[in-house]
Amino acid sequence: MTLPRPLLLVALCLLAADTASARQDAPRRPNIIVIVGDDMGYADIGVHGSRDIPTPHIDSLAAGGVRCTHGYVSGPYCSPTRAGLLTGRYQQRFGHEFNPGGARDAAQRDRVGLSTEETTLAERLRAAGYQTALVGKWHLGEAERFRPQNRGFDEFVGFLGGAHAYFPATRPAAAPVYDGEKPYNDFAYLTDLFARRAAEFVLRDRDKPFFLYLAFNAVHTPMHATDAKLRQFAHITDPRRRQYAAMMSSMDDAIGTVLDALRRRGIENDTLIFFISDNGGPERANASDNGPLRGGKATTWEGGIRVPFLAQWKGHLPAGAVYENPVIQLDIAPTCLAAAGVDLKDAKMDGVNLLDAFSGRSSMVPHETLYWRFGGQMAIRQGDWKLVIARDVGRNPGRQVPDDLAGAMLFNLRDDPGETRDLSKENPNVVARLARAWRDWNAGLVDPAWPAPQERRRR
(Lines give C-alpha, C1' and ligand atoms only; values in the text may rest on other atoms or scores of the structure.)
Protein backbone atom coordinates (compact mmCIF):
# COMPACT_ATOMS: atom_id res chain seq x y z
CA MET A 1 0.00 0.00 0.00
CA THR A 2 1.34 3.44 -0.95
CA LEU A 3 0.74 6.27 1.54
CA PRO A 4 -0.59 9.61 0.28
CA ARG A 5 2.24 12.16 0.01
CA PRO A 6 1.25 14.21 3.16
CA LEU A 7 1.11 11.06 5.28
CA LEU A 8 4.41 9.85 3.80
CA LEU A 9 6.10 13.11 4.80
CA VAL A 10 4.73 12.79 8.35
CA ALA A 11 5.98 9.19 8.59
CA LEU A 12 9.45 10.19 7.38
CA CYS A 13 9.59 13.04 9.90
CA LEU A 14 8.60 10.68 12.73
CA LEU A 15 11.23 8.15 11.62
CA ALA A 16 13.91 10.85 11.56
CA ALA A 17 12.89 12.03 15.03
CA ASP A 18 13.00 8.47 16.37
CA THR A 19 16.48 7.97 14.85
CA ALA A 20 17.78 11.22 16.34
CA SER A 21 16.33 10.29 19.71
CA ALA A 22 17.98 6.87 19.55
CA ARG A 23 21.29 8.56 18.74
CA GLN A 24 20.93 10.85 21.74
CA ASP A 25 20.01 7.93 24.00
CA ALA A 26 22.96 5.80 22.81
CA PRO A 27 25.81 5.84 25.34
CA ARG A 28 28.59 8.20 24.38
CA ARG A 29 31.92 6.45 23.97
CA PRO A 30 34.33 8.07 26.40
CA ASN A 31 37.69 9.55 25.65
CA ILE A 32 40.35 7.52 27.45
CA ILE A 33 43.53 8.68 29.16
CA VAL A 34 45.94 6.24 30.80
CA ILE A 35 48.64 8.02 32.84
CA VAL A 36 51.70 6.14 34.08
CA GLY A 37 54.26 7.46 36.55
CA ASP A 38 57.72 5.87 36.53
CA ASP A 39 59.45 4.43 39.62
CA MET A 40 57.17 6.23 42.09
CA GLY A 41 57.17 5.39 45.76
CA TYR A 42 53.87 4.01 47.06
CA ALA A 43 53.74 6.61 49.84
CA ASP A 44 54.61 9.59 47.64
CA ILE A 45 51.15 10.95 46.83
CA GLY A 46 48.91 12.88 49.17
CA VAL A 47 46.13 10.29 49.32
CA HIS A 48 48.69 7.73 50.45
CA GLY A 49 49.93 9.96 53.23
CA SER A 50 52.74 12.00 51.68
CA ARG A 51 53.49 15.05 53.80
CA ASP A 52 56.52 16.54 52.09
CA ILE A 53 55.35 16.38 48.45
CA PRO A 54 51.98 17.95 47.59
CA THR A 55 50.26 16.15 44.69
CA PRO A 56 46.92 17.98 44.38
CA HIS A 57 46.20 16.97 40.79
CA ILE A 58 46.88 13.28 41.29
CA ASP A 59 44.87 13.45 44.51
CA SER A 60 42.01 15.07 42.59
CA LEU A 61 41.64 11.87 40.55
CA ALA A 62 41.06 9.97 43.80
CA ALA A 63 38.61 12.63 45.01
CA GLY A 64 36.72 12.50 41.70
CA GLY A 65 36.85 8.75 41.26
CA VAL A 66 38.02 5.46 42.74
CA ARG A 67 41.19 4.76 44.72
CA CYS A 68 42.28 1.14 44.82
CA THR A 69 44.08 0.26 48.04
CA HIS A 70 45.29 -3.07 46.64
CA GLY A 71 46.33 -2.03 43.13
CA TYR A 72 49.08 -4.11 41.56
CA VAL A 73 51.26 -4.37 38.48
CA SER A 74 52.21 -7.72 36.94
CA GLY A 75 55.93 -7.04 36.99
CA PRO A 76 58.21 -5.06 39.30
CA TYR A 77 60.03 -3.47 36.37
CA CYS A 78 59.34 -0.82 33.74
CA SER A 79 58.96 -2.63 30.41
CA PRO A 80 57.17 -5.80 31.59
CA THR A 81 54.51 -3.69 33.29
CA ARG A 82 53.94 -1.73 30.08
CA ALA A 83 53.70 -4.92 28.02
CA GLY A 84 51.02 -6.24 30.38
CA LEU A 85 49.23 -2.90 30.49
CA LEU A 86 48.86 -2.54 26.72
CA THR A 87 47.86 -6.17 26.08
CA GLY A 88 45.78 -6.96 29.16
CA ARG A 89 47.74 -10.23 29.40
CA TYR A 90 50.38 -11.52 31.76
CA GLN A 91 53.51 -10.55 29.86
CA GLN A 92 55.22 -13.82 30.83
CA ARG A 93 52.78 -15.56 28.49
CA PHE A 94 54.67 -14.09 25.53
CA GLY A 95 58.19 -13.89 26.94
CA HIS A 96 58.31 -10.25 27.99
CA GLU A 97 59.60 -10.98 31.49
CA PHE A 98 62.47 -8.48 31.59
CA ASN A 99 63.42 -5.05 30.29
CA PRO A 100 64.55 -5.12 26.65
CA GLY A 101 67.57 -2.87 27.23
CA GLY A 102 71.17 -3.83 26.60
CA ALA A 103 70.93 -5.31 23.09
CA ARG A 104 74.44 -5.09 21.66
CA ASP A 105 73.75 -4.96 17.93
CA ALA A 106 71.02 -4.37 15.36
CA ALA A 107 70.20 -8.10 15.09
CA GLN A 108 69.52 -8.29 18.82
CA ARG A 109 67.49 -5.08 18.82
CA ASP A 110 65.29 -6.45 16.06
CA ARG A 111 64.31 -9.36 18.31
CA VAL A 112 63.76 -7.45 21.54
CA GLY A 113 60.38 -5.76 21.98
CA LEU A 114 56.66 -6.27 22.55
CA SER A 115 55.73 -9.32 20.49
CA THR A 116 54.07 -8.38 17.22
CA GLU A 117 51.77 -11.37 17.71
CA GLU A 118 50.13 -9.48 20.57
CA THR A 119 47.42 -6.87 19.94
CA THR A 120 47.75 -3.62 21.86
CA LEU A 121 45.04 -1.52 23.47
CA ALA A 122 45.88 1.25 20.98
CA GLU A 123 45.37 -1.10 18.03
CA ARG A 124 42.00 -2.24 19.32
CA LEU A 125 40.82 1.30 20.02
CA ARG A 126 42.03 2.65 16.70
CA ALA A 127 40.16 -0.14 14.92
CA ALA A 128 37.07 0.98 16.87
CA GLY A 129 37.39 4.54 15.55
CA TYR A 130 39.52 6.20 18.23
CA GLN A 131 42.30 8.67 17.52
CA THR A 132 45.34 7.44 19.44
CA ALA A 133 48.49 9.08 20.81
CA LEU A 134 51.44 8.17 22.97
CA VAL A 135 53.16 11.00 24.79
CA GLY A 136 56.19 9.96 26.82
CA LYS A 137 58.19 6.78 27.40
CA TRP A 138 57.78 3.73 25.16
CA HIS A 139 60.31 1.09 26.32
CA LEU A 140 58.73 -1.72 24.32
CA GLY A 141 61.31 -2.09 21.56
CA GLU A 142 63.37 0.26 19.42
CA ALA A 143 63.40 -1.59 16.09
CA GLU A 144 61.08 -0.15 13.49
CA ARG A 145 58.49 -2.93 13.75
CA PHE A 146 58.12 -2.40 17.51
CA ARG A 147 57.76 1.38 17.45
CA PRO A 148 54.56 3.08 18.63
CA GLN A 149 53.38 4.10 15.16
CA ASN A 150 53.43 0.42 14.17
CA ARG A 151 51.61 -0.68 17.34
CA GLY A 152 48.40 1.33 17.05
CA PHE A 153 49.39 4.92 17.82
CA ASP A 154 48.53 7.61 15.29
CA GLU A 155 50.87 10.07 17.02
CA PHE A 156 54.01 9.76 19.13
CA VAL A 157 55.99 12.35 21.07
CA GLY A 158 58.56 10.85 23.38
CA PHE A 159 61.50 8.47 23.50
CA LEU A 160 61.93 4.78 22.78
CA GLY A 161 64.19 3.53 25.56
CA GLY A 162 63.85 3.06 29.30
CA ALA A 163 65.37 6.29 30.61
CA HIS A 164 66.13 9.76 29.29
CA ALA A 165 67.64 13.03 30.41
CA TYR A 166 65.09 15.69 31.29
CA PHE A 167 67.04 18.55 29.74
CA PRO A 168 67.76 18.85 25.99
CA ALA A 169 70.64 16.78 24.65
CA THR A 170 73.93 18.54 24.02
CA ARG A 171 75.53 15.49 22.40
CA PRO A 172 74.43 14.45 18.87
CA ALA A 173 74.85 10.78 19.80
CA ALA A 174 72.34 10.97 22.66
CA ALA A 175 69.14 8.94 22.28
CA PRO A 176 66.64 11.35 20.74
CA VAL A 177 63.24 12.53 21.78
CA TYR A 178 60.96 12.01 18.80
CA ASP A 179 58.09 13.99 17.37
CA GLY A 180 56.64 11.33 15.14
CA GLU A 181 59.65 9.89 13.34
CA LYS A 182 61.84 12.99 13.60
CA PRO A 183 64.24 13.79 16.45
CA TYR A 184 63.01 16.75 18.47
CA ASN A 185 65.09 18.92 20.80
CA ASP A 186 62.99 22.08 21.15
CA PHE A 187 62.07 21.87 24.83
CA ALA A 188 63.36 23.14 28.16
CA TYR A 189 62.29 20.30 30.49
CA LEU A 190 60.97 16.94 29.34
CA THR A 191 58.08 16.60 31.80
CA ASP A 192 56.84 20.05 30.75
CA LEU A 193 57.09 19.05 27.08
CA PHE A 194 54.94 15.99 27.72
CA ALA A 195 52.40 18.16 29.55
CA ARG A 196 52.21 20.65 26.70
CA ARG A 197 51.91 18.10 23.91
CA ALA A 198 49.37 15.99 25.80
CA ALA A 199 47.23 19.07 26.46
CA GLU A 200 47.44 20.08 22.80
CA PHE A 201 46.21 16.63 21.80
CA VAL A 202 43.28 16.87 24.23
CA LEU A 203 42.34 20.37 23.05
CA ARG A 204 42.30 19.49 19.37
CA ASP A 205 38.88 19.71 17.71
CA ARG A 206 37.83 16.28 16.44
CA ASP A 207 34.71 14.31 15.62
CA LYS A 208 35.87 11.03 17.15
CA PRO A 209 36.87 9.94 20.67
CA PHE A 210 40.54 9.77 21.59
CA PHE A 211 42.92 7.52 23.50
CA LEU A 212 45.91 9.21 25.12
CA TYR A 213 48.62 7.08 26.70
CA LEU A 214 50.60 9.56 28.81
CA ALA A 215 53.66 7.70 30.06
CA PHE A 216 55.94 9.94 32.09
CA ASN A 217 59.57 9.05 32.76
CA ALA A 218 59.31 11.01 36.02
CA VAL A 219 60.50 10.07 38.60
CA HIS A 220 62.96 7.64 37.00
CA THR A 221 66.64 8.50 37.11
CA PRO A 222 68.54 10.61 36.11
CA MET A 223 67.52 12.94 38.91
CA HIS A 224 66.99 16.16 36.97
CA ALA A 225 64.80 18.95 38.34
CA THR A 226 64.31 22.58 37.36
CA ASP A 227 65.82 25.34 39.51
CA ALA A 228 62.36 26.75 40.20
CA LYS A 229 61.11 23.44 41.58
CA LEU A 230 64.25 22.92 43.64
CA ARG A 231 63.70 26.30 45.23
CA GLN A 232 60.11 25.30 46.02
CA PHE A 233 61.43 22.34 48.03
CA ALA A 234 64.45 24.06 49.58
CA HIS A 235 63.08 23.13 53.03
CA ILE A 236 63.81 19.42 52.39
CA THR A 237 67.29 18.95 53.79
CA ASP A 238 68.14 15.64 52.06
CA PRO A 239 69.34 16.74 48.59
CA ARG A 240 68.27 13.48 46.93
CA ARG A 241 64.78 13.66 48.41
CA ARG A 242 64.61 17.33 47.36
CA GLN A 243 65.38 16.36 43.75
CA TYR A 244 62.76 13.63 43.90
CA ALA A 245 60.14 15.95 45.37
CA ALA A 246 60.82 18.55 42.68
CA MET A 247 60.41 15.95 39.93
CA MET A 248 57.22 14.52 41.46
CA SER A 249 55.77 18.01 41.75
CA SER A 250 56.59 18.72 38.10
CA MET A 251 54.76 15.56 37.06
CA ASP A 252 51.77 16.49 39.21
CA ASP A 253 51.70 19.93 37.58
CA ALA A 254 51.83 18.26 34.18
CA ILE A 255 48.83 16.10 35.05
CA GLY A 256 47.06 19.26 36.18
CA THR A 257 47.73 20.81 32.77
CA VAL A 258 46.05 17.87 31.05
CA LEU A 259 43.08 17.89 33.43
CA ASP A 260 42.69 21.62 32.83
CA ALA A 261 42.64 20.97 29.07
CA LEU A 262 39.78 18.51 29.56
CA ARG A 263 37.82 21.12 31.52
CA ARG A 264 38.54 23.85 28.95
CA ARG A 265 37.08 21.64 26.24
CA GLY A 266 34.15 20.68 28.46
CA ILE A 267 34.87 16.95 28.16
CA GLU A 268 36.06 16.00 31.65
CA ASN A 269 32.84 14.05 32.30
CA ASP A 270 33.26 12.30 28.95
CA THR A 271 36.73 10.98 29.76
CA LEU A 272 37.79 7.79 31.55
CA ILE A 273 41.14 8.32 33.28
CA PHE A 274 43.47 5.80 34.90
CA PHE A 275 46.59 6.63 36.88
CA ILE A 276 49.20 4.10 38.05
CA SER A 277 52.90 3.79 38.68
CA ASP A 278 54.75 1.18 36.64
CA ASN A 279 56.30 -0.40 39.75
CA GLY A 280 57.37 0.51 43.25
CA GLY A 281 60.09 3.02 43.91
CA PRO A 282 63.80 2.09 43.88
CA GLU A 283 64.34 3.90 47.18
CA ARG A 284 68.15 3.84 47.09
CA ALA A 285 68.30 5.10 43.51
CA ASN A 286 65.82 7.99 43.58
CA ALA A 287 64.95 8.59 47.28
CA SER A 288 61.35 7.42 46.81
CA ASP A 289 59.33 6.09 49.74
CA ASN A 290 57.39 2.82 49.58
CA GLY A 291 56.32 2.87 53.22
CA PRO A 292 54.71 0.93 54.82
CA LEU A 293 55.48 -1.75 52.23
CA ARG A 294 58.55 -3.98 52.15
CA GLY A 295 61.01 -3.87 49.26
CA GLY A 296 60.86 -1.87 46.07
CA LYS A 297 61.44 -1.93 42.34
CA ALA A 298 62.78 -5.22 40.93
CA THR A 299 61.38 -7.27 43.83
CA THR A 300 58.17 -9.23 44.30
CA TRP A 301 57.73 -7.83 47.80
CA GLU A 302 54.67 -5.58 48.08
CA GLY A 303 56.88 -2.52 47.66
CA GLY A 304 57.81 -3.67 44.17
CA ILE A 305 54.39 -4.60 42.83
CA ARG A 306 51.72 -2.68 44.80
CA VAL A 307 51.28 0.80 43.32
CA PRO A 308 49.03 3.86 43.36
CA PHE A 309 45.98 2.91 41.26
CA LEU A 310 43.27 5.51 40.55
CA ALA A 311 40.32 5.65 38.14
CA GLN A 312 38.03 8.57 37.35
CA TRP A 313 35.02 8.80 35.02
CA LYS A 314 32.77 11.47 36.39
CA GLY A 315 29.09 10.64 36.30
CA HIS A 316 29.83 6.95 35.72
CA LEU A 317 32.10 5.98 38.63
CA PRO A 318 31.51 7.13 42.21
CA ALA A 319 33.54 10.07 43.49
CA GLY A 320 35.85 9.60 46.45
CA ALA A 321 35.31 5.83 46.55
CA VAL A 322 37.83 3.43 48.06
CA TYR A 323 37.99 -0.02 46.47
CA GLU A 324 39.67 -2.73 48.55
CA ASN A 325 39.61 -5.86 46.38
CA PRO A 326 42.90 -6.60 44.57
CA VAL A 327 43.11 -5.26 41.02
CA ILE A 328 46.00 -5.22 38.56
CA GLN A 329 47.14 -3.09 35.65
CA LEU A 330 46.09 -5.93 33.31
CA ASP A 331 42.51 -4.82 34.05
CA ILE A 332 42.98 -1.40 32.49
CA ALA A 333 42.83 -2.57 28.85
CA PRO A 334 39.60 -4.62 29.16
CA THR A 335 37.99 -1.86 31.25
CA CYS A 336 38.80 0.78 28.64
CA LEU A 337 37.62 -1.45 25.80
CA ALA A 338 34.37 -2.24 27.60
CA ALA A 339 33.75 1.48 28.11
CA ALA A 340 34.40 2.00 24.39
CA GLY A 341 31.91 -0.74 23.45
CA VAL A 342 34.56 -3.04 21.95
CA ASP A 343 33.73 -6.75 21.89
CA LEU A 344 36.26 -8.68 24.02
CA LYS A 345 35.10 -12.26 23.51
CA ASP A 346 38.17 -13.25 21.45
CA ALA A 347 40.72 -11.08 23.25
CA LYS A 348 42.06 -13.81 25.60
CA MET A 349 42.93 -11.27 28.28
CA ASP A 350 43.91 -12.03 31.85
CA GLY A 351 42.58 -8.67 32.99
CA VAL A 352 38.88 -8.06 33.62
CA ASN A 353 36.46 -5.19 33.12
CA LEU A 354 36.27 -3.25 36.40
CA LEU A 355 33.42 -0.84 35.57
CA ASP A 356 30.65 -2.76 37.36
CA ALA A 357 32.86 -3.51 40.36
CA PHE A 358 33.93 0.13 40.70
CA SER A 359 30.40 1.46 40.25
CA GLY A 360 28.89 -0.97 42.73
CA ARG A 361 26.66 -2.61 40.13
CA SER A 362 28.42 -5.89 40.84
CA SER A 363 29.79 -7.43 44.03
CA MET A 364 32.14 -9.68 42.08
CA VAL A 365 35.74 -10.02 43.23
CA PRO A 366 37.76 -9.23 40.09
CA HIS A 367 40.52 -11.73 40.86
CA GLU A 368 40.47 -14.68 43.21
CA THR A 369 44.19 -15.08 42.54
CA LEU A 370 47.01 -12.91 41.19
CA TYR A 371 50.41 -14.22 40.08
CA TRP A 372 53.96 -12.98 39.54
CA ARG A 373 57.17 -14.40 38.07
CA PHE A 374 60.31 -12.34 37.63
CA GLY A 375 63.43 -14.41 37.06
CA GLY A 376 64.15 -16.21 40.31
CA GLN A 377 61.37 -14.40 42.16
CA MET A 378 57.70 -15.34 42.37
CA ALA A 379 54.55 -14.42 44.23
CA ILE A 380 50.93 -15.45 44.38
CA ARG A 381 48.14 -13.65 46.18
CA GLN A 382 44.90 -15.44 47.02
CA GLY A 383 42.52 -13.56 49.28
CA ASP A 384 44.62 -12.13 52.10
CA TRP A 385 47.36 -14.74 51.70
CA LYS A 386 50.56 -14.12 49.77
CA LEU A 387 53.24 -16.72 49.08
CA VAL A 388 56.48 -15.16 47.88
CA ILE A 389 60.09 -15.77 46.97
CA ALA A 390 61.60 -12.31 46.73
CA ARG A 391 64.93 -10.63 47.12
CA ASP A 392 66.14 -7.70 49.11
CA VAL A 393 68.27 -5.06 47.43
CA GLY A 394 71.76 -6.40 46.75
CA ARG A 395 70.79 -10.09 46.92
CA ASN A 396 70.53 -12.34 43.88
CA PRO A 397 67.62 -14.81 44.18
CA GLY A 398 68.81 -16.91 41.26
CA ARG A 399 67.82 -17.00 37.62
CA GLN A 400 64.84 -19.32 37.98
CA VAL A 401 62.20 -20.11 40.59
CA PRO A 402 62.94 -23.53 42.13
CA ASP A 403 60.44 -26.22 41.18
CA ASP A 404 59.63 -26.99 44.79
CA LEU A 405 59.35 -23.27 45.71
CA ALA A 406 61.94 -23.87 48.41
CA GLY A 407 62.32 -20.87 50.67
CA ALA A 408 58.89 -19.42 49.90
CA MET A 409 57.42 -17.33 52.71
CA LEU A 410 53.77 -16.83 53.58
CA PHE A 411 52.19 -13.59 54.76
CA ASN A 412 48.69 -12.45 55.66
CA LEU A 413 48.46 -9.05 53.98
CA ARG A 414 45.37 -7.98 55.88
CA ASP A 415 47.22 -8.18 59.19
CA ASP A 416 50.75 -7.62 57.92
CA PRO A 417 51.00 -5.49 54.76
CA GLY A 418 54.68 -4.90 55.50
CA GLU A 419 55.42 -8.64 55.16
CA THR A 420 57.27 -8.89 58.46
CA ARG A 421 55.92 -12.20 59.87
CA ASP A 422 56.46 -15.39 57.89
CA LEU A 423 53.52 -17.72 58.65
CA SER A 424 54.55 -20.63 56.42
CA LYS A 425 55.40 -23.05 59.23
CA GLU A 426 52.08 -22.47 60.99
CA ASN A 427 50.03 -22.87 57.78
CA PRO A 428 51.48 -25.71 55.66
CA ASN A 429 48.14 -26.39 53.99
CA VAL A 430 47.88 -22.80 52.77
CA VAL A 431 51.45 -22.97 51.47
CA ALA A 432 50.69 -26.20 49.62
CA ARG A 433 47.50 -24.79 48.09
CA LEU A 434 49.14 -21.59 46.88
CA ALA A 435 52.23 -23.41 45.64
CA ARG A 436 50.07 -25.77 43.61
CA ALA A 437 48.08 -22.87 42.10
CA TRP A 438 51.26 -20.98 41.20
CA ARG A 439 52.84 -24.03 39.54
CA ASP A 440 49.66 -24.59 37.50
CA TRP A 441 49.79 -20.98 36.31
CA ASN A 442 53.52 -21.13 35.65
CA ALA A 443 53.05 -24.21 33.46
CA GLY A 444 51.15 -22.05 30.97
CA LEU A 445 53.97 -19.53 30.57
CA VAL A 446 56.88 -19.47 28.14
CA ASP A 447 60.56 -18.95 28.82
CA PRO A 448 61.78 -15.34 28.73
CA ALA A 449 62.28 -14.18 25.15
CA TRP A 450 65.57 -12.55 26.19
CA PRO A 451 67.65 -12.68 29.37
CA ALA A 452 67.61 -10.02 32.04
CA PRO A 453 69.98 -7.13 31.23
CA GLN A 454 72.37 -8.12 34.03
CA GLU A 455 72.52 -11.65 32.61
CA ARG A 456 73.36 -10.24 29.18
CA ARG A 457 76.22 -8.31 30.73
CA ARG A 458 77.63 -11.50 32.31
CA ARG A 459 77.68 -13.36 28.98
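Q: At what angle do helix H2 and helix H8 pack?
A: In this predicted model, H2 (residues 56-63) and H8 (residues 239-265) pack at about 55°, with axes 7 Å apart. Helices (H or I, at least four residues) and strands (E, at least two) are DSSP runs, numbered from the N terminus. Axes are lines fitted to C-alpha atoms, for helices over the stretch in contact, and angles run from 0 to 180 degrees between N-to-C directions.
Q: Which residues make the contact?
A: From H2, Pro56, His57, Ile58, Ser60 and Leu61; from H8, Asp252, Asp253, Ile255, Gly256 and Leu259. Contact means heavy atoms within 4.5 Å.
Q: Switching to strand S1, how many of its residues are buried?
A: Seven of the seven in S1 (residues 31-37), so the strand is largely enclosed by the rest of the structure. Buried means under 20% relative accessible area, with exposed over 50% and partly exposed in between (1.4 Å probe, protein chains only).
Q: Which ones point which way?
A: Asn31, Ile33, Ile35 and Gly37 point one way from S1, while Ile32, Val34 and Val36 point the other way.
Q: What does S1 pair with?
A: S1 pairs with S9 (residues 271-277) in the parallel sense over seven bridges, and five bridges join S1 to S8 (residues 210-215), also parallel. Pairing takes at least two DSSP bridges between two strands.
Q: Which residue is the bridge partner of Gly37 in S9?
A: Ser277. On the S8 side, Val34 stands opposite Tyr213.
Q: What about numbering and cut-offs?
A: Residues are numbered from 1 along each chain as its sequence is written. Local features need pLDDT of at least 70, side-chain atom pairs count only at pLDDT 80 or more, totals for chains, interfaces and linings use all residues, and side-chain values use heavy atoms, leaving out hydrogens and water.
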